[in-house]
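Subject: Structure handover and notes

Hello,

Please find the structure below, followed by some notes that you can read with the model open beside you.

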Amino acid sequence: MAKNPNRPLSPHLQVYRWSPQMAISIFHRATGFILATAGMMTLLWWLSAIGGGTESYATFESYVVSAGPEGSGLQIASNWFFRLVALAVTFSFFQHLASGLRHLVLDIGAGYELKTNRTWASVAFVAAFFATAFVALFVASRFLGVL
Amino acid sequence: MDSRTNIGRVRGLGSAKHGGEHWLKQRLTAIGNVLLVTWFVLSLFMIPSFDHGALARWLAQPLVAVPMILMIANIFSHVKLGLQVLIEDYVHDDGLKFAAMTLLNFYVIASAVFGIFVVAKLAFTGAPA
């Protein structure tokens, strides 16, 4: 069927006031995409570096964790890049977990009342935020020597 | 009278003739992910140190390699189902959709096989020096 580009469109995203229920839906998709790409590729690199031996693991560490004081410019830039990736993946993990659990509850037919639905959507965001902050502070103080 | 079971009645329905299969698989792999990733995080916390030798000894144990392989397979199944929905919803051009779906299948299968091979090799042959 030919598509007519001039047909009238129904009101879309821009005309609605954003609510937690709308935001959590698109965040579930966006965080899922981040986990599926950046998250899984880093996990596979980590596993294959372990399987590859001491030298390949040292290469992984120098690019992803810390290159130490003698690291090259590329390695130091890469370290900072992977800190951002780690933060994004950590938040994505908790956000996707929280909204995924919310979906499982919705799937059994519970939690559709307006107030309940709104409350649990907000709870998922707050939980993901605090869990991410906790992990970031834990890693920064225990492994990176910050704080 | 229809004497079929509830599941028998919905199988094969819908425009794609897959009934609720995709939906159900997405939920089942989600529950599997919760269990397996919980194991992964707890197991990470119990590794004595994060130098290469300790990690390789950890990963080579059967009780780590097996759940790790299950986790890789389960996560990539979930990735395939999830990203398939993203493509179906946001890629409207038929040609691009076909290309994206093909790439998604390549990505998921290649990544899962690579991950499983890495873990299996380490478990069967031990860590290289």
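Across the interface of chain B and chain A there are 2 salt bridges, where a salt bridge is a side-chain nitrogen of Lys or Arg within 4 Å of a carboxyl oxygen of Asp or Glu. Please keep in mind that this is a predicted model, in which local features need pLDDT of at least 70 and side-chain atom pairs count only at pLDDT 80 or more, while totals for chains, interfaces and linings use all residues. Residues are numbered from 1 along each chain as its sequence is written, chains are lettered from A and ligands numbered from 1 in the order in which they are written, and side-chain values use heavy atoms, with hydrogens and water left out.

**The interface**

One of the two bridges is between Arg29(A) and Asp89(B), whose closest N and O atoms are 2.8 Å apart. This pair crosses between chains, since Arg29(A) sits in helix α1 of chain A and Asp89(B) in helix α4 of chain B; helices here are DSSP runs (H or I, at least four residues; strands are E, at least two), numbered from the N terminus. Arg29(A) counts as partly exposed because its relative accessibility is 25%, and Asp89(B) also counts as partly exposed, at 35%. For these words the cut-offs are under 20% relative accessible area for buried, over 50% for exposed, and in between for partly exposed (1.4 Å probe, protein chains only).

Another salt bridge brings together the side chains of Arg27(B) and Asp107(A), at 2.7 Å from N to O. Arg27(B) lies in helix α2 of chain B and Asp107(A) in helix α3 of chain A, so this pair joins two chains. Arg27(B) counts as buried because its relative accessibility is 18%, whereas Asp107(A), at 27%, counts as partly exposed. Not counting residues up to four places away in sequence, Arg27(B) touches Leu104(A) and Asp107(A), contact meaning heavy atoms within 4.5 Å.

How many residues does each chain bring to the contact? Chain B supplies 36 residues and chain A supplies 29 residues. The size of an interface is often given as the accessible area lost when the parts come together. Here chain B and chain A bury about 2,500 Å² between them, with 76% of it on carbon and sulfur atoms; buried area is the accessible area (1.4 Å probe) that two parts lose on being put together, summed over both.

**Helix α2 of chain B**

Over all chains the count comes to 3 salt bridges. One of them is within chain B, where the side chains of Lys25(B) and Glu21(B) meet at 2.9 Å, N to O. Both residues lie in helix α2 of chain B, 4 residues apart, which is about one turn of the helix. An α-helix has 3.6 residues a turn, so residues three or four places apart point the same way. Lys25(B) is partly exposed because its relative accessibility is 40%, and Glu21(B) is likewise partly exposed, at 38%.

The 25 residues of α2(B) should span 36 Å at 1.5 Å a residue, and its end C-alpha atoms are 36 Å apart, which agrees; the expected span is 1.5 Å times one less than the number of residues. Among the buried residues of α2(B) are Gln26(B), Gly32(B), Trp39(B) and Phe40(B). The buried residues of this helix pack against α1 (20-52) and α3 (73-107) of chain A, together with α3 (52-60) and α4 (62-90) of chain B.

**A nonpolar patch**

Which residues form a nonpolar patch on the surface? They are Ile7(B), Val10(B), Leu13(B), Trp23(B), Leu24(B), Leu28(B), Ile31(B) and Leu35(B), with about 750 Å² of accessible area together. Patches are made of residues with over 30% relative accessible area and no salt bridge, like charges being joined within 9 Å and nonpolar side chains (Val, Leu, Ile, Met, Phe, Trp, Tyr) within 5 Å. Accessible areas come from the Shrake-Rupley method with a 1.4 Å probe, and for residues only the protein chains shown count as cover. The helix α2(B) gives the most to the patch, with 5 residues. Leu35(B), in helix α2 of chain B, counts as exposed because its relative accessibility is 61%.

Best wishes
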